[in-house]
Amino acid sequence: MDIILGAGITGLSYALYSGSDDWLILEREPEAGGYCRTTRRNGFVWDYSGHFFHFRDDAIKNMILSGLGDDVASVVKHTRIRYGDTLVDYPFQKNIHQLPKDELIECLYDLFSRSAGTGTGFRDMLVEKFGKSIAEKFLIPYNEKLYACDLNTLDRDAMGRFFPYAEPEEIVRNFKSGSNASYNDTFIYPRQGAAEYVRSILGRLDASKIRCGASVAAISPAERTVTLTSGERLRYDRLISTVPFPQLLDMAGIDYDRSIYTWNQVLVFNLGFDRKGADTFDHWLYFPDKKYCFYRVGFYDNILSQERMSLYVELGFDSDAVIEPREWLDRVLCDLKSAGIVSAEQHLVDSQSIIMNPAYVHINSRSTADVEARKRLLADSGIYSIGRYGSWCYCSIEDNIIEAKSLAGQLNTRQ
């Protein structure tokens with residue numbers, strides 16, 4: 001039997017593509033979905049932070065959409081950056097022509113006079129690729145708020161295809177063309193929230209094989225068993241884990257260098273107001289300035305064409321931070337008013353706070369090499385670790401489904 005740890009998108013997708021009914025999913029939370037869960041309350045639709053599906057694989061797109069029905073929004077993304085007292089189109093590096101003239105000149109001078117470097121860190125890459133001014137005006141402060149760490153502890157390519165690279169000539173051409181194309185120009189979003197992605201997959205699975213509220217205390221690779229916190233022991237032929245990779249190693253009693261596995265936490269506030277706010281059509285805004293406690297604010301009301309303002313607000317913290325959401329709510333509301341997003345005439349109707357821990361993993365060469373090596377060893381004991389946290393990587397929801405489908409195909413061919 002295959003035992004699958006985690007009923008998030010990745011675990012459910014593995015079960016879907018396994019080609020067998022001989023599987024059992026263990027999920028410690030009271031419901032399936034992982035971070036892909038939704039709260040629907042008082043007319044508001046809120047996720048555990050925004051989860052927007054950017055399809056590249058037609059087969060996966062058709063599979064997901066066929067289970068959603070017609071209640072889906074197809075959105076052409078519009079995002080901007082709050083820079084000083086103005087708004088600049090995202091990505092910053094392609095829209096420096098929207099800055100005041102003196103700052104544009106600074107950015108252009110540094111962009112075309114930069115020199116190649118030998119730095120190995122993400123911060124080094126930003127300066128070497130875009131010049132000191134572009135890096136220091138947006139790229140460095142924003143990502144420091146997001147990742148809550150020294151950016152040079154991350155690999156140069158820590159964000160992979162998700163980072164909006166642009167060559168100098170492309171930046172200059174954009175002064176006239178205004179093209180801000182990126183991997184997620186358009187996205188699909190169910191009007192009832194991201195939990196509908198999960199529901200679409202769940203509708204194809206045997207719900208009796210998903211045990212929620214089942215938390216794993218220990219794994220014995222030698223005996224091929226998992227022990228639940230209840231004391232129950234279950235034997236597996238193959239164990240498919242989607243839990244954070246360091247957590248898997250802990251449960252399996254495997255020693256490792258903890259210092260190479262780092263991550264951030266994200267505190268999410270979902271906020272519902274009695275009326276619309278500023279006249280904006282943005283889907284989300286970025287905030288590099290450290291005077292604002294949040295790094296990003298998203299507008300569910302603009303995505304879903306709702307009549308009342310509905311926001312998600314994200315704050316980054318390091319992994320050791322003790323976060324008390326109640327102590328941050330007043331600061332968030334104050335900063336939203338200072339940024340001109342919320343006015344004195346608007347009143348908060350409902351709110352929700354969520355702590356994502358881990359949120360974004362910190363990708364570095366040591367952790368990447370360690371994950372790859374340990375995955376090969378774990379496979380000898382029938383243990384396979386997949387997903388954003390199981391593979392300790394930066395990826396999309398669709399990437400998780402692709403990885404789960406690929407593993408299922410590989411294991412099926414070995415039978």
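A: Let's start with helix H10, which covers residues 325-338. Its 14 residues reach 20 Å from the first C-alpha to the last, close to the 20 Å expected at 1.5 Å a residue; the expected span is 1.5 Å times one less than the number of residues. Helices (H or I, at least four residues) and strands (E, at least two) are DSSP runs, numbered from the N terminus. Please keep in mind that this is a predicted model, where local features need pLDDT of at least 70, side-chain atom pairs count only at pLDDT 80 or more, and totals for chains, interfaces and linings use all residues. Residues are numbered from 1 along each chain as its sequence is written, and side-chain values use heavy atoms, with hydrogens and water left out.

Which residues of H10 are buried? They are Pro-325, Leu-329, Val-332, Leu-333, Asp-335 and Leu-336. Here buried means under 20% relative accessible area, exposed means over 50%, and partly exposed lies in between (1.4 Å probe, protein chains only).

The face of H10 turned away from the buried side carries the exposed residues Glu-327 and Asp-330. On the buried side, the helix packs against four named strands: E14 (264-273), E16 (296-299), E17 (310-318) and E18 (348-356). Contact here means heavy atoms within 4.5 Å. Just after H10, Gly-340 takes a positive phi of about 80°.

Two of those strands lead on to backbone details. The loop between E18 and helix H11 (365-379) holds Pro-358, and the peptide bond joining Asn-357 and Pro-358 is cis, with omega about 5°. Ser-305 sits in the loop between helix H9 (300-304) and E17. Its phi is near 55°, a positive value in a residue other than glycine, and Ser-305 is exposed, with a relative accessible area of 65%. Trp-392 also has a positive phi of about 55° although it is not a glycine. Trp-392 lies in the loop between helix H12 (387-390) and helix H13 (397-414), and at 4% relative accessibility it counts as buried. For background, most residues other than glycine have a negative phi, and most peptide bonds are trans.

Just after H4, Gly-131 takes a positive phi of about 90°.

H3 (residues 101-113) and H5 (residues 132-147) also pack on each other, at an angle of about 125° and with their axes 6 Å apart. Axes are lines fitted to C-alpha atoms, for helices over the stretch in contact, and angles run from 0 to 180 degrees between N-to-C directions. That angle makes H3 oblique to H5: under 35 degrees counts as roughly parallel, over 145 as roughly antiparallel, 65 to 115 as roughly perpendicular, and the rest as oblique. From H3, Glu-103, Glu-106, Cys-107 and Asp-110 meet Lys-132, Ser-133, Ile-134 and Lys-137 of H5. By class, this contact has 2 nonpolar, 1 polar and 5 charged residues, where Ala, Val, Leu, Ile, Met, Phe, Trp, Tyr, Cys and Pro count as nonpolar, Asp, Glu, Lys and Arg as charged, and the others, Gly among them, as polar.

The loop between strand E7 (86-89) and H3 holds Pro-91, and the peptide bond from Tyr-90 to Pro-91 is cis, with omega near 0°. Gln-98 is in the loop between E7 and H3 too and is partly exposed, at 29% relative accessible area. Leaving aside neighbours within four places in sequence, Gln-98 is in contact with Leu-87, Val-88 and Asp-89.
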